[in-house]
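Biologist: I'm new to reading protein models. Could you take me through one, feature by feature?

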Amino acid sequence: MRRKCLVAGCGYVGRRLARRLRPRWEVVALVRSGESADGLRAEGIEALAADLDDPGVPAALALAADVAAIAYLAPPPESGSTDPRIARFLAALGESKPAVLLYMSTTGVYGDATGALVTEATGIAPANDRSRRRVDAEAAAARWCASRGTRCVILRVPGIYGAGRLPIERLRRGEPALRPEDAGPGNRIHVDDLVSACLAALERSVAGVFNVGDGDHSSTTVFLQRTAALAGLPPPPLVSLAEARTRISPGMLGFLVESRRVDNRRMREELGVRLAYPDPDAGIAASLAEMRPG
């Protein structure tokens with residue numbers, strides 16, 4: 001009998017995960033809209049439509065989750081310091097007992113480390129509500145799993161890139177980037193390598209927190225310059241940090257000035273993830289190739 005997996009939040013990452021799982025797993029995808037559910041069914045993936053902002057989450061979730069692996073990839077709401085979505089989702093599972101709950105979090109929970117290396121043992125210090133919502137969701141997932149004896153895995157993920165997720169439009173608009181001397185180290189992962197990490201977390205007998213990343217700590221400025229060169233676009237204009245405060249949105253600037261280097265050793269050694277794209281140039285090139293028509 002094939003193993004079951006409920007992919008909650010079957011969007012950019014979740015759809016790729018469902019496709020990778022399907023040959024060996026029985027997959028059910030939870031999505032927000034009926035249109036998204038229809039699209040997944042057209043690919044042969046069973047889908048449920050439910051809005052996690054609505055208290056009436058369908059009871060069918062409990063049946064799909066029982067004795068299954070759960071990959072919870074749905075983001076928190078856009079405001080507040082807690083995540084009521086995951087709370088509603090877990091409540092809807094009733095007395096079901098999944099084999100494992102994978103929660104996809106963010107490396108933003110570490111806050112600003114002023115460029116230092118952060119490991120899974122580094123204390124969390126979220127600097128904004130976006131990251132505080134993730135801390136709340138991590139804690140909710142861990143508590144719920146502990147109450148049921150369910151294995152819990154939390155992946156802390158940096159910026160995700162891939163086909164359709166490159167900063168092409170930003171480059172075309174000529175948006176500025178920080179000059180190299182003002183740009184701190186960056187962290188990112190190609191979507192296909194993230195899916196590999198999710199698969200390993202579901203299939204291996206591991207638990208706890210794992211940092212995910214490609215191990216390349218080039219700044220966002222360098223990543224933009226590499227993307228521009230490989231896509232045949234002009235490089236971004238460079239500005240000082242002082243200029244950036246007037247030319248870059250507060251949300252983006254807040255992301256840029258939080259500086260840390262995320263250690264991925266545990267992902268490589270304990271999850272056994274062999275990265276397809278440890279070099280961003282190769283990942284960018286593969287993404288551009290996938291985006292070309294035909």
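Modeller: We'll go through cysteines, backbone angles, a few helix residues and a pocket.
Before we start, residues are numbered from 1 along each chain as its sequence is written, and this is a predicted model, where local features need pLDDT of at least 70, side-chain atom pairs count only at pLDDT 80 or more, and totals for chains, interfaces and linings use all residues. Side-chain values use heavy atoms, with hydrogens and water left out.

Biologist: Okay, cysteines. How many disulfides are there in the whole structure?

Modeller: A disulfide is a pair of cysteine sulfur atoms within 2.5 Å. Searching the whole structure for such pairs turns up zero. Take C5: the nearest cysteine sulfur belongs to C198 and is 9.3 Å away, so by that cut-off C5 is in no disulfide. C10 is in no disulfide either, and there the nearest cysteine sulfur is that of C5, 9.4 Å away.

Biologist: Are those two cysteines buried or exposed?

Modeller: Buried means under 20% relative accessible area, exposed means over 50%, and partly exposed is in between (1.4 Å probe, protein chains only). C5 has 1% and is buried. C10, with 7%, is buried as well.

Biologist: Where do V67 and T114 sit?

Modeller: To name places, we use DSSP runs, numbered from the N terminus: helices (H or I, at least four residues) and strands (E, at least two). V67 is in the loop between α3 (60-65) and β4 (69-72). T114 is in the loop between β5 (100-106) and β6 (117-118). V67 is exposed, with a relative accessible area of 59%, and T114 is exposed too, at 68%.

Biologist: Now a helix residue. What does T227 touch?

Modeller: Contact means heavy atoms within 4.5 Å. T227 is in helix α8 (residues 220-231). Not counting residues up to four places away in sequence, T227 touches L166, P167, I168, L171 and I284. At 0% relative accessibility, T227 counts as buried. A polar atom of its side chain also lies 2.9 Å from the backbone oxygen of F223.

Biologist: And what is S287 in contact with?

Modeller: Leaving aside neighbours within four places in sequence, S287 is in contact with Y161, G162, A163, L166 and H190. S287 is in helix α12 and is buried, with a relative accessible area of 0%. Now look along the chain: S287 and V191 are 96 residues apart, while their C-alpha atoms are separated by 9.5 Å.

Biologist: What separates the C-alpha atoms of A282 and A244?

Modeller: Those two are 38 residues apart along the chain, and the separation of their C-alpha atoms is 29 Å. A282 is in helix α12 (residues 280-291) and is partly exposed, at 35%. R130 is in helix α5 (residues 129-148) and is partly exposed, with a relative accessible area of 44%.

Biologist: Last one: how do you find empty space?

Modeller: Rolling a probe the size of a water molecule over the atoms shows where empty space is left. On a 1 Å grid over the protein atoms alone, with a 1.4 Å probe, a pocket is an open set of points with protein on both sides within 12 Å along at least five of seven lines, and lining residues have an atom within 4 Å of a point. Points are joined across faces, edges and corners, and a volume is the space filled by probe spheres set on them.

Biologist: Which residues are closest to the centre of the second largest pocket?

Modeller: That pocket holds about 160 Å³ of space. Twelve residues line it, and the closest to its centre are R3, K4, V67, A68 and A99. By class, the lining has eight nonpolar, no polar and four charged residues. In that scheme Ala, Val, Leu, Ile, Met, Phe, Trp, Tyr, Cys and Pro are nonpolar, Asp, Glu, Lys and Arg are charged, and the others, Gly among them, are polar.

Note on methods:
A polar contact is a pair of N or O atoms within 3.5 Å; within protein, one must be able to donate a hydrogen and the other to accept it, and residues adjacent in sequence count only if both atoms are side-chain atoms.
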